[in-house]
Amino acid sequence: MMTLDQLSLEQKIGQLLMVGFDGLTPNAHIEHLLRQRQVGGVILFRRNVDQPPQIAALNRALQQINAERSDIPLLIGIDQEGGMVARIENGVTPLPSALAFQAAGSVDDCETLTRYANEELRQLGFTVNFVPDVDVNNNPRNPVIGVRAFGETVEQVITYSLAALRGVQAAGLAATAKHFPGHGDTDVDSHLGLPRVPHDRARLDAVELAPFRAAIAAGVDTVMTSHVVFPAFEPDPNTPATMSHAVLTGLLREELGFEGVVFTDCLEMDAIAKGPGTVAGAVAAFKAGADILLISHTQARQEGFLDALLAAVQQGEISESRIDQSVARILALKAARATNWQQLPVDPTAQLAQPQALALSQDVHRRAVTTVGQCAVLNPAQPVLLITLEVHERTEMDEVEPRTDTLAAPLLAAGLTVQEVRLPLAPGAADIASVAQLAAQAAQVVMVSYNAILQPAQQQLLAQFPAHKLWLVAGRLPYDLGLLDNARGRLTVFANRPAALAAIAERLLKP
């Protein structure tokens with residue numbers, strides 16, 4: 001592998017960027033960035049993945065294109081957290097949401113199942129998984145973390161996130177503690193705006209920073225920044241942690257002693273893109289202390305950053321020695337974690353979703369089923385009206401796709417008669433009136449909510465249903481279950497993915 005002193009300035013700057021693109025095969029966009037700009041990393045989303053042979057072929061093709069110009073392998077990353085944030089679902093072992101692991105109550109199972117799943121990612125050609133989330137979920141109205149956190153207390157988060165960390169790194173992948181210095185106590189989605197955590201230093205030390213300290217002590221490979229303002233560290237009210245020298249260098253590097261690679265969260269999120277702008281924000285993040293700038297979508301922004309950083313060095317605004325510091329960390333990470341991609345199986349299907357992994361996944365999902373109050377079972381002889389709330393607008397976490405694997409699938413497989421109505425997260429008045437009419441005639445009504453606690457329209461919908469024949473399934477935030485106190489059943493597995501819904505269906509049909 002080429003060493004730092006063998007790289008040109010342009011090649012060094014390319015190592016600082018991780019990019020995304022559209023498609024199941026390499027397109028002209030990504031080929032240009034790899035061949036002409038020699039970027040050092042690629043991130044895949046649901047738009048890039050289908051079945052395991054295709055994923056393995058895509059990652060191999062990306063590495064082959066890169067190898068035409070460089071013997072430094074790519075970092076290929078993914079957000080395969082489990083539950084609600086799982087980019088790959090076909091042909092791999094399903095992971096529950098982080099909060100489901102804690103509900104299921106076994107730290108050892110968390111470590112083992114996470115290792116199984118990440119060994120599969122390694123076989124598919126990935127080198128970085130952006131997990132574990134070490135945020136403390138201490139704000140029920142947090143729209144972006146919620147079930148992605150391992151708990152609501154510092155002790156829970158440290159215990160389970162370190163188990164997940166061990167599982168990822170035992171599988172040979174680089175792990176990532178995120179979202180530094182803590183995204184748990186926010187009520188604004190940083191994909192859409194700029195959140196603030198106003199707490200004083202003592203509180204941040206005791207809560208938000210504690211899991212990061214533990215992850216660093218445990219040897220986590222990388223840390224991902226948050227687009228969140230922390231006035232206790234950064235006096236500028238418009239400078240989020242991602243762009244704050246006080247946070248990334250003063251706090252993370254100098255005080256906490258982290259020596260690994262610092263990733264930014266995606267710089268096309270609105271907290272950055274609609275503030276300073278993605279390119280300016282990326283340069284500012286690098287100046288603040290970030291090593292790898294994550295720009296997930298737009299080629300003009302990706303190349304704009306490369307050009308802007310090169311200009312900043314040429315004009316003396318950023319020293320080449322500062323570039324070298326980050327590139328040295330990146331090369332060290334690649335030496336430690338980058339698999340010899342040429343030795344990976346062309347089709348790893350036979351190594352994926354092994355019986356012991358699937359059995360453990362099913363067991364954890366079953367144990368994670370959480371009910372509030374009494375939970376009656378459905379009458380299999382009576383038809384069910386199923387109301388499914390689903391995402392119709394894309395965010396970095398939620399990708400719009402036609403889903404056939406709603407709760408209807410396991411209920412139909414169990415022999416029930418099901419009429420399903422699928423609605424957007426904020427149903428309109430006409431939808432609410434129409435569904436209320438159906439519910440009035442239905443024998444049994446099951447609603448799978450999606451963050452209803454944050455959606456007044458979903459609450460209006462719930463109010464239309466007769467409680468004596470209603471079951472409420474919280475499809476994401478469990479706090480939805482507090483919106484009712486007299487339904488026939490209230491239950492959750494902290495996700496609406498197929499493995500979670502299969503466990504829900506079992507509980508709906510037998511106590």
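Predicted model: local features only at pLDDT ≥ 70, side-chain atom pairs only at ≥ 80, totals over all residues.
**Glutamine 11.** I then listed what glutamine 11 touches, leaving out residues up to four places away in sequence: Met2, Gln6 and Gln38.

**Helix 6 and helix 8.** Next I took the pair formed by helix 6 (residues 154-170) and helix 8 (residues 209-217). Their axes come within 9 Å and cross at roughly 30°. Because that angle is under 35 degrees, I record helix 6 as roughly parallel to helix 8. The crossing of the two helices is right-handed.

I also noted which residues make the contact. Helix 6 contributes Val154, Val157, Ile158, Leu162 and Leu165. From helix 8 come Ala210, Pro211, Ala214 and Ala215. Sorted by class, the contact of helix 6 with helix 8 has nine nonpolar residues, with no polar and no charged ones.

**Cysteines.** How many disulfides are there? I applied the rule of cysteine sulfur atoms within 2.5 Å, and the count came to zero. For context, a disulfide is a covalent bond between the sulfur atoms of two cysteines.

Cysteine 266 has a relative accessibility of 2% and counts as buried.

Definitions and conventions: Residues numbered from 1 in each chain as written. Heavy atoms only, no water. Buried < 20%, exposed > 50% of the residue type's maximum accessible area, 1.4 Å probe, protein only. Axes fitted to C-alpha atoms, helices over the stretch in contact; angles between N-to-C directions. Helix = DSSP H or I, 4+ residues; strand = E, 2+ residues; numbered from the N terminus. Parallel < 35°, antiparallel > 145°, perpendicular 65-115°, else oblique. Left-handed = near helix turned anticlockwise from the far one by under 90°. Contact = heavy atoms within 4.5 Å. Nonpolar A, V, L, I, M, F, W, Y, C, P; charged D, E, K, R; others polar.
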